[in-house]
There are 2 protein chains.
Amino acid sequence: MKVLLAEVNVSEGRNLENIEVMRAALMEGAVLRLLEVNSDKDHNRTVFTYSGEPEEVLEGTKRLAKKAVELIDMTHHSGAHPRMGAVDVVPFIPARDVTQEEALEVARAFGAFLGSLGVPVYYYEEAATKPERKSLVDIRRGEYESFAEKMKQEEWRPDEGPFEFVPKSGATVTGVRFPLVAFNVNLRTDDLAAGKQIVKAVRAATGGYQNVRAIALEIPDKKMVQISMNLTQYQKTPIHRVFETIKSETESRGILIADTELVGPVPVMALEDMMKFYLRCYSFNMEQLY
Amino acid sequence: MKVLLAEVNVSEGRNLENIEVMRAALMEGAVLRLLEVNSDKDHNRTVFTYSGEPEEVLEGTKRLAKKAVELIDMTHHSGAHPRMGAVDVVPFIPARDVTQEEALEVARAFGAFLGSLGVPVYYYEEAATKPERKSLVDIRRGEYESFAEKMKQEEWRPDEGPFEFVPKSGATVTGVRFPLVAFNVNLRTDDLAAGKQIVKAVRAATGGYQNVRAIALEIPDKKMVQISMNLTQYQKTPIHRVFETIKSETESRGILIADTELVGPVPVMALEDMMKFYLRCYSFNMEQLY
């Protein structure tokens, strides 16, 4: 079964009625699995996370985005999170049996659709049309307020839709990115310096594993130190390997692990490697799961 | 999301065209996940394994069973596997967020439907109407050939459908049972006696874990001994605990584990406990998976 994941970030986190109308538009007649609807009042932003067959995900995303463009007026928007449009960012993430090319087709079909509604659209990450458009941060720099000017520059001409700023909708970024695993390890210590040493052992930037971003944080409530990580390519740098390294580094310092956390959606394939490693069940295939 | 599993055993394993017609009837317009269609020519039997929302599973099972009753004539059936009817056995298995009561409702609705088609139906396992109908083996004893006589006995009067034998369809057993995990551990030894000692440590019958059935087998091809197990209630006696016990018993005898096998469909919830144990990720919830 092919599974594509979408994470649609819209610039509305306060009007719960409108958020419900968008959710209903997304799910209308769809065979989609809605994993999360996360609204933040301070950010004034909602993230819809859902998965399904690529065609279903595309159609649902079109319905959701069309409704968001109707309902959200960016000329009145304020919120703590950086943003540039009503439909702000829409990453499509290949989850199971979906190639990058198939995910790109969905992203491009969605971008063209949104462009046809009169929204300027930029492609990012794996869908980027130029290297300087790979990073969301670069595209969104200056935010909504600066886009009327930014779009006048040849280099920031949109990939789809009108070449001029649209005050009501703002602009949208869409594309394809790899699944990310947010993984935290909580240590039974309040020694932040030790935590920082352990981070060095696993973080790519300091000689650790490729595809690992990590920081050490204090959690004063629990009197613990947390190693907070993003694994950007769990296929190449799997969870269990990073965990086992943290375990040995921690134990060698006389510190124990309290527990770990996998935050937010987790690709089912990330568990396959773990099963094989811990249970030595090398023939196991996630397709066996029901 | 509610997930119910069904394993429909039909008495046709040779006529591939008819098996395909049954498969098509099952999947017609349905949102079902077809996990396996396993046909055996010697047994002259096919097992359809699929999962989905309880209502979808019920409707698909009705379509499949109706087609099987049309196509299969038991008066001409022969095969190595014990059987009593065209639609022989239909267990419904609660997989995720489905209570036993919900699964029982599906089994009873299916039984009543099949009865209305003129097929005698018996309920077994959790759906049994009498203690002596709990076991499939007891109900099916004597097989198809003896049922014309068996059904005349008051104690073997069917739960649904006609009280007389129907030569074309024979009779059907349906009900609810718990998910079963088939788990094998392969040892780097050809010492079967050692394997039998290890089996004693985990098997319920010899002082081991509840809900574990186990035997030791030789695998001559690989010069290995296999501990072959059925875990009948993985919720109470989880895979990782049985595995860790086998590991310590094996290592204490100077033997290593080569690998393990999970055979056939595996309930996704069985992995949750494993994740918590090995990764210490106690907050993890399988609903996070996509």
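Predicted model: local features only at pLDDT ≥ 70, side-chain atom pairs only at ≥ 80, totals over all residues.
User: What makes chain A and chain B count as being in contact, and how many residues take part?

Analyst: Contact here requires heavy atoms within 4.5 Å, and by that rule 41 residues from chain A and 41 residues from chain B belong to the contact. The area buried between chain A and chain B is about 3,600 Å², with carbon and sulfur atoms giving 63% of it. On the side of chain A, Leu279(A), Arg280(A) and Tyr290(A) lose the most area to chain B, and together they make up 27% of what that side buries.

User: Why is the pair Arg33(B) and Glu287(A) called a salt bridge?

Analyst: The cut-off is a side-chain nitrogen of Lys or Arg within 4 Å of a carboxyl oxygen of Asp or Glu. In Arg33(B) and Glu287(A) the closest N and O atoms are 3.5 Å apart, so the pair meets that cut-off. Across the interface of chain A and chain B the rule finds 2 salt bridges, and the count of residue pairs in polar contact there, both at pLDDT 80 or more, is 18.

User: Which elements of chain A supply the side that touches chain B, and what class of residue is found there?

Analyst: Two or more residues each come from strands S2 (33-40), S4 (87-96) and S10 (257-263) and from helices H7 (239-252) and H8 (269-279) of chain A. S10(A) provides the largest share, 7 residues. By class, this side of chain A has 29 nonpolar, 5 polar and 7 charged residues.

User: What makes the pair Glu244(A) and Lys247(A) a salt bridge, and where do these residues lie?

Analyst: Their closest N and O atoms are 3.5 Å apart, which is within 4 Å, and therefore the pair qualifies. Both residues lie in helix H7 of chain A, 3 residues apart, or about one turn of the helix. Over all chains, the search of the whole structure finds 42 salt bridges.

User: How do you know that the lining of the largest cavity is nonpolar or charged, and which chains supply it?

Analyst: The count comes to 1 cavity of 30 Å³ or more, and the largest cavity has a volume of about 70 Å³. Its lining consists of Leu271, Met274, Met275 and Tyr278 from chain A and from chain B. Leu, Met and Tyr count as nonpolar, so the lining has 8 nonpolar, no polar and no charged residues. Helix H8 (269-279) of chain B and H8 of chain A each supply at least two residues of this lining.

Key. Residues numbered from 1 in each chain as written. Chains lettered and ligands numbered in written order. Heavy atoms only, no water. Buried area = accessible area lost by both parts, 1.4 Å probe. Polar contact = N/O pair within 3.5 Å; in protein donor to acceptor, adjacent residues only side chain to side chain. Helix = DSSP H or I, 4+ residues; strand = E, 2+ residues; numbered from the N terminus. 1 Å grid on protein atoms, 1.4 Å probe; cavity = no way out; pocket = protein on both sides within 12 Å on 5 of 7 lines; lining within 4 Å. Points joined across faces, edges and corners; volume = space filled by probe spheres on them.
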